[in-house]
Amino acid sequence: MATLIKLYNDNPNPKDVQRIVSIIRNGGLIIYPSDTVYALGCDITNNRALERVAKIKGVKLAKANFSFVCKDLSNLSDYVKQIDTATFKLLKRALPGPYTFILPGNNNLPTVFKKKKEVGIRVPDNSITNAIISELGNPIVSTSIYDEDEVIEYMTDPELIYEKWNDLVDVIVDGGYGDNVPSTVIDLTNGEPVLIREGKGSLEI
């Protein structure tokens, strides 16, 4: 059964953040709030945890379109090929914020993603997410969680999330009600921005 931990976005408790990160480091799965919807994630370096996320989502890990959630752009060169100045300026304007940018992956991607030619990068504008990633010291791999209600689409109530997910994950972070609008997804793999999904992020960037 998952541990439920309440965190406040304006001041995440450091001891609780450490507890969460300890669980993640030991291969645990986390459901956490972001600047858009609640998401399911794990340590990007833990293959066993990555396999668990893929199994829950019903996809093959090597082909999964998970996002790499980073604290800032300092991790970019770890996973992404060198990008031009215009692309970097666009990222700097938009991030942190409710965007997922598809970028060309490099040869340093985690082993399970070696065959992928591109990667989705997220830098959420959310203190809870940032505190967890900062304490962990590396990005987490993440995917949105959905509601079975086709009208609502995304789960927003932490208590309902706990009821549904507590047997599947190891820690659920209650950061208050989540949003019901996902990130805006923009493909930057060919230089010119291509809108893949319009979400919370403004297109005026």
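Student: What makes strand 3 count as largely enclosed by the rest of the structure?

Tutor: In this predicted model, 5 of the 5 residues of strand 3 are buried, so the strand is largely enclosed. Buried here stands for a relative accessible area under 20%.

Student: How do you know that strand 3 pairs with strand 2, and in which sense?

Tutor: A pair needs at least two bridges, and 3 bridges join strand 2 to strand 3. The two run antiparallel, with tyrosine 32 opposite alanine 39 of strand 3. There are 6 residues between these strands, which form a hairpin.

Student: What makes strand 7 a partner of strand 3 too?

Tutor: The cut-off is again at least two bridges. Strand 3 and strand 7 (residues 140-144) have 5 bridges, in the antiparallel sense. One place to look is glycine 41, whose bridge partner in strand 7 is serine 142.

Student: Why are the buried residues of helix 1 said to be on the same side?

Tutor: Those residues are Asp16, Val17, Ile20, Val21 and Ile24. They cover an arc of only 135 degrees around the axis, which puts them on the same side of helix 1.

Student: What do the buried residues of helix 1 pack against?

Tutor: Their partners are strand 1 (3-6), strand 2 (30-32), strand 3 (39-43), helix 5 (127-136) and strand 8 (171-174).

Student: What makes asparagine 13 a cap of helix 1?

Tutor: A side-chain oxygen of asparagine 13 lies 2.9 Å from the backbone nitrogen of lysine 15, at the N-terminal end of helix 1. Just after the helix, glycine 27 takes a positive phi of about 90 degrees.

Student: Why is threonine 129 called buried?

Tutor: The cut-off is under 20%, and threonine 129 has a relative accessible area of 1%, so it is buried. This residue lies in helix 5. A polar atom of its side chain is 2.8 Å from the backbone oxygen of proline 33. Beyond its neighbours within four places in sequence, threonine 129 is in contact with Tyr32, Pro33, Ser34, Val69 and Pro124.

Student: How do you know that the buried residues of helix 6 line one face?

Tutor: Pro158, Ile161 and Trp165 are buried in helix 6 (residues 158-165). Seen down the axis, the buried residues fall within an arc of 55 degrees, so they line one face of the helix. On the other side, Glu159 and Glu163 are exposed. The cover over the buried residues includes strand 2, strand 3, helix 2 (47-57) and strand 8.

Student: And what makes aspartate 157 a cap for helix 6?

Tutor: The limit is once more within 3.5 Å. A side-chain oxygen of aspartate 157 lies 2.9 Å from the backbone nitrogen of glutamate 159, which caps the N-terminal end of helix 6.

Methods:
Residues are numbered from 1 along each chain as its sequence is written. This is a predicted model: local features need pLDDT of at least 70, side-chain atom pairs count only at pLDDT 80 or more; totals for chains, interfaces and linings use all residues. Side-chain values use heavy atoms; hydrogens and water are left out. Buried means under 20% relative accessible area, exposed over 50%, partly exposed in between (1.4 Å probe, protein chains only). Helices (H or I, at least four residues) and strands (E, at least two) are DSSP runs, numbered from the N terminus. The arc is that of the directions from the helix axis to the C-beta atoms. Contact means heavy atoms within 4.5 Å. A polar contact is a pair of N or O atoms within 3.5 Å; within protein, one must be able to donate a hydrogen and the other to accept it, and residues adjacent in sequence count only if both atoms are side-chain atoms.
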